[in-house]
Amino acid sequence: MWAGLDLSTPAVMGVINVTPDSFSDGGDVTTVDAAINIAEDMCLAGAKIIDVGGESTRPGARLPELDEEIERVVPIIAAIAPIAKKYGAKISIDTRRAAVMAAAVRVGADIINDISALTHDAGAVTFIAEHQLPVVLCHMQGTPQTMQDNPSYADVVAEVYYDLAARMAACEAAGLAHDKICIDPGIGFGKTTAHNITLLQNLTEFQKLRAPILIGLSRKRMIGAITGAKNPKDRLGGSLAGGLYAISHGANILRAHDVRETVQALQMWQALQ
C-alpha cells in the first residue's frame with residue numbers, strides 16, 4: 001500500500017495541467033468545469049490518481065509567480081476533490097513549492113509530486129514530514145530551464161539511483177515514514193534519449209530502494225526522437241509501448257495523459273501475464 005492505494009496491480013495517474021504552456025496539453029484546461037469533466041472521465045476510465053499541476057516543467061519553461069501557481073491549482077483541486085473521493089481516487093499536486101503544497105492539501109490534495117525531489121524549496125521536506133504526506137520524489141538534473149542544455153552522466157543508472165537514495169534518506173531524517181515515499185527516475189528531466197532508454201532497461205535496479213516506482217513518459221520527446229512523431233498528441237502508441245515495458249520491468253504507477261487507453265492496455269497486459 002502507498003497513499004492508501006493497493007499497488008499490487010499497476011495504477012494509472014491521470015494528468016491535468018492547468019497551464020498555458022505545458023508541452024503537450026498547455027491551454028487544454030482553462031476552466032473549473034473543464035477540469036471537472038476531465039477528472040470524472042479519468043476516474044470512470046480507471047485512474048487511481050489525478051495529478052494537478054500549475055507550473056509547466058517542459059524544457060525552458062518559465063517559473064510562474066507563486067500566487068499565479070496557487071490561483072491556477074487551488075480552485076481545480078477543490079472542485080475535483082469530491083469526484084476523486086466518489087471513485088476512490090487520490091489527488092496529487094505537482095509542484096516544487098511548499099506554499100503551493102500547503103494550499104493544495106487544504107482543499108483536498110492527498111499526495112505531493114515534486115520534480116525536484118524536495119530540493120527546490122527548503123520548507124517542503126519539513127511540511128511533508130510534519131503532515132506525513134505521501135510524496136513522489138522525482139530525479140532531475142538541473143532545472144526545467146536548464147535540464148536539457150547538455151545532460152551528462154558517467155553512469156546514468158548509478159547516479160540517478162544514488163541521488164534518489166540520498167533524497168529518500170533526507171526525507172526519513174526529517175521524520176517522514178519510509179512507506180510514504182514513491183520514486184520517479186525522471187524520464188526526460190535532464191536526460192538524453194539514450195539516458196532514458198538505459199534507465200528504462202535497468203528499472204529493476206530501482207526496486208532495491210524498496211519504494212513504489214512511478215514512470216512518466218507519456219507523449220515525451222524521447223518518443224518523438226525514436227518514432228519521428230513530432231506532435232506530442234501523436235505519440236499515444238509510443239506512450240503505451242513504453243509504459244507497458246516500464247510496468248514489466250518493475251514500475252508500479254504510470255503517469256499518463258491518455259488515461260482510458262493506458263488503463264485498457266494495462267488490463268490486456270495483466271490478463272496475459
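C171 is buried, with a relative accessible area of 1% (buried means under 20% relative accessible area, exposed over 50% and partly exposed in between, using a 1.4 Å probe and protein chains only). The sulfur of C171 lies 12 Å from the closest cysteine sulfur, in C182, which is too far for a bond. C138 is likewise buried, at 1% relative accessibility. With a disulfide taken as a pair of cysteine sulfur atoms within 2.5 Å, the count is zero. C138 is in no disulfide, and the nearest cysteine sulfur, that of C182, is 10 Å away. As a reminder, a disulfide is a covalent bond between the sulfur atoms of two cysteines.

Residues are numbered from 1 along each chain as its sequence is written, and side-chain values use heavy atoms, with hydrogens and water left out. The mean pLDDT of the protein is 93, and 96% of its residues reach 70 or more; pLDDT is the predictor's confidence in each residue, from 0 to 100. Residues 22-26 stay under 50, and the model has 21 contacts for them beyond four places in sequence (contact means heavy atoms within 4.5 Å). Where pLDDT is low, the predicted coordinates should not be read in detail.

The strands form an open sheet of eight, in the order β6-β5-β4-β3-β2-β1-β8-β7, with parallel pairing. Helices (H or I, at least four residues) and strands (E, at least two) are DSSP runs, numbered from the N terminus, and two strands pair if DSSP finds at least two bridges between them. The edge strands, each pairing on one side only, are β6 (181-184) and β7. Strand β5 (residues 135-138) runs parallel to β6 and is joined to it by four bridges. Within this pairing, V136 has C182 of β6 as its bridge partner, and L137 has I183. In a regular strand the side chains alternate between the two faces of the sheet. Both faces of β6 are covered: I181 and I183 are buried on one side, C182 and D184 on the other.

A nonpolar core is here a set of buried Ala, Val, Leu, Ile, Met, Phe, Trp, Tyr and Cys residues joined through side-chain atoms within 4.5 Å. The largest such core holds 72 residues, of which V52, L118, I128, I183, F206 and I215 touch the most other members. Helix α2 (residues 66-87) gives the largest share of this core, eight residues. A second, separate core has twelve residues, including L5, I111, V136 and C182. Neighbours within four places in sequence aside, I183 contacts L137, L164, M168, F206, L209, A211, P212, I213 and L214.

Helix α6 (residues 193-201) has H195, N196, L199 and L200 as its buried residues. These four lie on the same side of α6, because they cover an arc of only 130° around the axis, the arc being that of the directions from the helix axis to the C-beta atoms. An α-helix has 3.6 residues a turn, so residues three or four places apart point the same way. The cover over the buried residues of α6 includes α5 (156-173), β7 (214-215), α7 (221-227) and α8 (236-248).

Several loop residues also deserve a look. Most residues other than glycine have a negative phi, and most peptide bonds are trans. A117, although not a glycine, has a positive phi of about 55°. A117 is found in the loop between β4 and α4 and counts as buried at 4% relative accessibility. R219, another residue other than glycine, has a positive phi near 65°. R219 sits in the loop between β7 and α7 and is buried, at 9% relative accessibility.

T119 is placed in the loop between β4 (111-114) and α4 (122-131). Residues up to four places away in sequence aside, T119 touches D114 and R167. P64, in the loop between β2 (49-53) and α2, is buried with a relative accessible area of 2%. Beyond residues up to four places away in sequence, P64 touches G54, E55, E69, R72 and R97.

Key
This is a predicted model: local features need pLDDT of at least 70, side-chain atom pairs count only at pLDDT 80 or more; totals for chains, interfaces and linings use all residues.
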